Amino acid sequence: MPPGKGMKITGSASPESTSRRPSTPLQSHPSPMEIKCTRQLAEVKRAFDRDSIIVGRPNPFLPPDLDLSDDVMVSRTHARIWLRDGRWWIEDLASKHGTWVNGVKLNYRRQLNPGDVIRVGETTLEIGPPPARTSTVQPPAEPSPITEIDSALNVEEFVPAEKPPASAPALPAEMFLASLAARLSACEERAAPDCIARHLAAAFPTARRVVVLLRDGPGGSLRAAASHPTAERTANEHLALRALTEGRALLWRETVESLNERGQRQNTGAGGLCAPVFHRHQPLGVLCVESDDGGASFTETDLKTMLGAAGLAALALRPA
């Protein structure tokens with residue numbers, strides 16, 4: 001098969017963003033990121049004039065930069081590749097079939113070395129060398145948190161479990177969602193955020209905080225509409241925006257390496273669940289549950305429960 005035949009690889013731009021521009025055919029002038037894509041003997045080279053891209057397939061939430069439309073084994077939001085400290089890095093975005101580097105499944109963000117071969121679905125990717133770094137002296141950086149996405153559920157692909165027979169015992173998640181639905185149907189619209197926050201706090205007793213973030217109109221910022229405890233009105237806004245942008249519920253864990261009073265290295269962490277609230281593809285907000293145990297108390301079942309709660313919240317918070 002001649003190179004470039006039988007494989008559709010494109011770049012796409014988000015209709016709401018001018019910062020992401022479509023990829024262009026490989027040019028002769030230097031470009032921050034050059035990628036060779038190979039599938040079924042077809043080879044295509046792409047160049048991107050930015051230092052961070054999303055690999056995936058078309059979706060209504062976060063259009064990919066590297067669009068692998070013809071590879072059905074690639075998730076809609078599959079992986080992210082970016083430049084940091086003069087080196088390429090990659091992380092899997094909780095894709096269905098995983099991201100592989102040199103035949104090893106990626107379970108964490110890692111640095112790429114020259115010659116590394118990446119596989120997403122049935123497509124292999126090879127990245128050119130990073131751009132040359134300038135010889136500037138940088139001050140020591142503060143320890144930055146390392147965030148990992150343990151699991152993710154797409155809003156459109158999530159299908160709730162079938163309702164069990166009346167004779168079957170209700171599962172805790174089903175009881176919680178039934179209770180939340182009954183309470184929301186009985187409360188006024190302005191009281192819905194507080195009702196949701198209190199019910200989520202009861203469902204996740206190990207959580208340090210529960211925050212209901214609502215969007216201030218189309219394209220507006222997120223604000224805390226309700227929280228439990230009421231004084232804890234801050235949430236991980238970066239991950240909340242990511243969940244809303246990608247249209248996915250996220251189970252995340254975050255660790256920070258630092259030194260204690262004795263000069264010994266120690267890891268501290270947080271974790272949580274973020275579930276975006278959509279009504280007919282219109283983003284309304286995000287439900288956030290966070291803990292200080294590195295997310296150890298949260299499971300994928302909890303993530304499904306959060307997405308169910310987000311569906312009920314959408315009905316209660318939808319525009320009139």
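A: Begin with burial: a residue counts as buried when its relative accessible area is under 20%, and as exposed when over 50%. One caution applies throughout: this is a predicted model.

Q: Which residues of α2 are buried?
A: In helix α2 the buried residues are A192, P193, C195, I196, A197, H199, L200 and A201. Their cover includes α1 (172–186), β14 (209–215), β15 (222–228), β18 (282–291) and α4.

Q: How many residues of the whole protein count as buried?
A: The share is 43% of the 320 residues. The secondary structure behind that figure comprises four helices and 18 strands.

Q: What share of the contacts join residues at least 24 apart in sequence?
A: Take contacts between residues at least 6 apart in sequence; 55% of them join residues at least 24 apart.

Q: How do I check a helix for length?
A: Compare its end-to-end span with the span expected at 1.5 Å a residue. For the twelve residues of α2 that gives 16 Å, and the end C-alpha atoms are 16 Å apart, so the two agree. Now take α4, which has 18 residues. From first C-alpha to last it reaches 25 Å, close to the expected 26 Å.

Q: Is α4 largely enclosed or open, and why?
A: Count its buried residues. In α4, 13 of 18 are buried, so the helix is largely enclosed by the rest of the structure.

Q: How do α2 and α4 lie against each other?
A: Read the crossing angle between N-to-C directions; over 145 degrees counts as roughly antiparallel. The axes of α2 (residues 192–203) and α4 (residues 300–317) come within 10 Å and cross at roughly 165°. The two helices are therefore roughly antiparallel. Their crossing is right-handed. On the α2 side, A192, P193, I196 and L200 make the contact; on the α4 side, M306, A309, A313, A316 and L317 do. By class, the contact residues are nine nonpolar, no polar and no charged.

Q: What angle do α1 and α4 make?
A: Here the cut-off at the other end matters: under 35 degrees counts as roughly parallel. α1 and α4 pack at about 10°, with axes 10 Å apart. They are therefore roughly parallel to each other. This crossing, too, is right-handed. α1 supplies A173, F176, L177, L180, A181 and L184; α4 supplies T305, G308, A309, L312, A313 and A316. This contact divides into ten nonpolar residues, two polar and no charged.

Q: Now the loops. Which residues does the cis peptide bond join?
A: Look at omega. The cis bond joins H228 and P229, with omega about -5°. P229 sits in the loop between β15 and α3 (237–246).

Q: Where does a positive phi turn up in a residue that is not a glycine?
A: Q40 is one case, with phi of about 50°. Q40 belongs to the loop between β2 (33–39) and β3 (42–48). L41 is another case, with phi near 70°. L41 also lies in the loop between β2 and β3.

Q: Is L41 buried or exposed?
A: Apply the burial cut-offs again. L41 has a relative accessible area of 70%, so it is exposed. Q40 has 48%, so it counts as partly exposed.

Technical notes: Residues numbered from 1 in each chain as written. Predicted model: local features only at pLDDT ≥ 70, side-chain atom pairs only at ≥ 80, totals over all residues. Heavy atoms only, no water. Axes fitted to C-alpha atoms, helices over the stretch in contact; angles between N-to-C directions. Parallel < 35°, antiparallel > 145°, perpendicular 65-115°, else oblique. Left-handed = near helix turned anticlockwise from the far one by under 90°. Contact = heavy atoms within 4.5 Å. Nonpolar A, V, L, I, M, F, W, Y, C, P; charged D, E, K, R; others polar. Buried < 20%, exposed > 50% of the residue type's maximum accessible area, 1.4 Å probe, protein only.
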